[in-house]
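Work through the following exercises with the sequence and the 3D structure side by side.

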Amino acid sequence: MDKFVFDDSLRLGITLIDEQHGRFIGYINDTWDALERGDSKEEFLHILNQLMDYVVEHFSDEEALMKEFDYPGLAEHRDKHSDTTDELFGFDMKLMGDDPEAARSFLNFLTDWLRNHINVVDRELAAYLKEKGCS
Ligand SMILES: [Fe+2]
Ligand SMILES: [Fe+2]
């Protein structure tokens with residue numbers, strides 16, 4: 001898979017969300033890099049853990065923003081985050097440290113999911129926030 005580039009088509013116009021998506025994609029790319037470099041299992045799992053921590057942090061910050069602005073789609077959006085968290089943590093992390101193919105399918109899954117989530121679900125949220133004067 002090609003590097004996940006955070007280009008303008010993924011910018012939603014809400015500073016906090018855009019900054020976090022940029023970091024999120026950065027962590028995904030760091031994980032790809034670790035895989036391509038053939039980092040040791042320990043190093044790879046350390047980088048993967050940073051990515052997973054950031055997934056949780058980003059979801060929770062986005063949900064706080066939804067709450068702050070009384071977003072009517074909060075419950076639905078939060079369910080999507082929580083289903084995805086379950087799915088991501090359902091992957092066998094230890095196996096990924098041993099088997100690059102397992103790591104690749106995880107990263108491909110996360111990349112496809114994030115691209116689609118930003119373009120559809122987060123975009124809807126951003127449109128609402130802009131209407132409420134958030135930028
Ligand atoms: Fe997001
Ligand atoms: Fe989201």
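**Exercise 1. Find the buried residues of α2, state what they pack against, and check the length of the helix.**

Solution. Begin with the terms: a residue is buried if 20 or more other C-beta atoms lie within 10 Å of its own, exposed if 12 or fewer, and partly exposed in between, with the C-beta atoms placed from the backbone. Helices (H or I, at least four residues) and strands (E, at least two) are DSSP runs, numbered from the N terminus. By this rule F44, L48, L51, V55 and E62 are buried in α2. The next step is to look at their partners, and here the buried residues of α2 pack against α1, α3 and α4, where a contact between two residues requires C-beta atoms, placed from the backbone, within 7 Å. For the length, the expected span of a helix is 1.5 Å times one less than its number of residues. The 28 residues of α2 should therefore span 40 Å, and the end C-alpha atoms are 41 Å apart, which agrees.

Before going on, note that this is a predicted model, in which local features need pLDDT of at least 70 and side-chain atom pairs count only at pLDDT 80 or more, while totals for chains, interfaces and linings use all residues. Residues are numbered from 1 along each chain as its sequence is written, and chains are lettered from A and ligands numbered from 1 in the order in which they are written.

**Exercise 2. Describe what follows α2, and decide whether D70 is buried or exposed.**

Solution. α2 is followed by D70, whose phi is positive, near 50°, and this is a positive value in a residue other than glycine. D70 is found in the loop between α2 and α3.

**Exercise 3. Characterise α1 by its length, its buried residues and its surroundings.**

Solution. α1 has 23 residues and reaches 33 Å from its first C-alpha to its last, close to the 33 Å expected at 1.5 Å a residue. The buried residues in this helix are I17, H21, F24, I25, I28, T31 and W32, and they pack against α2 and α5. Just after α1, G38 takes a positive phi of about 70°.

Now turn to N29, which also lies in helix α1. Because N29 has 17 C-beta neighbours inside 10 Å, it counts as partly exposed. Leaving aside its neighbours within four places in sequence, N29 is in contact with K3 and F4, and the C-alpha atoms of N29 and F4, although 25 residues apart along the chain, are separated by 6.7 Å.

**Exercise 4. Follow α5 from end to end: which residues are buried, what covers them, and where is the kink?**

Solution. α5 has 32 residues, and its first and last C-alpha atoms lie 44 Å apart, close to the 46 Å expected at 1.5 Å a residue. A kink of about 40° is centred on H117, where the bend at a residue is the angle between axes fitted to the seven residues ending there and the seven starting there. The buried residues of α5 are A103, F106, L107, L110, L114, I118, D122, L125, A126 and L129. What covers them includes α1, α2, α3 (74-90) and α4 (93-98).

**Exercise 5. Identify the nonpolar cores and the helices that build the largest one.**

Solution. A nonpolar core is a set of buried Ala, Val, Leu, Ile, Met, Phe, Trp, Tyr and Cys residues joined through C-beta atoms within 7 Å. The largest core has 15 residues, and those with the most contacts inside it are I28, F106, L107 and L110. The elements that give two or more residues to this core are α1 (15-37), α2 (41-68) and α5 (100-131), with the largest share, six residues, coming from α5. Leaving aside its neighbours within four places in sequence, F106 is in contact with F91 and M96. A second, separate core of six residues includes I14, I17, L125 and L129.
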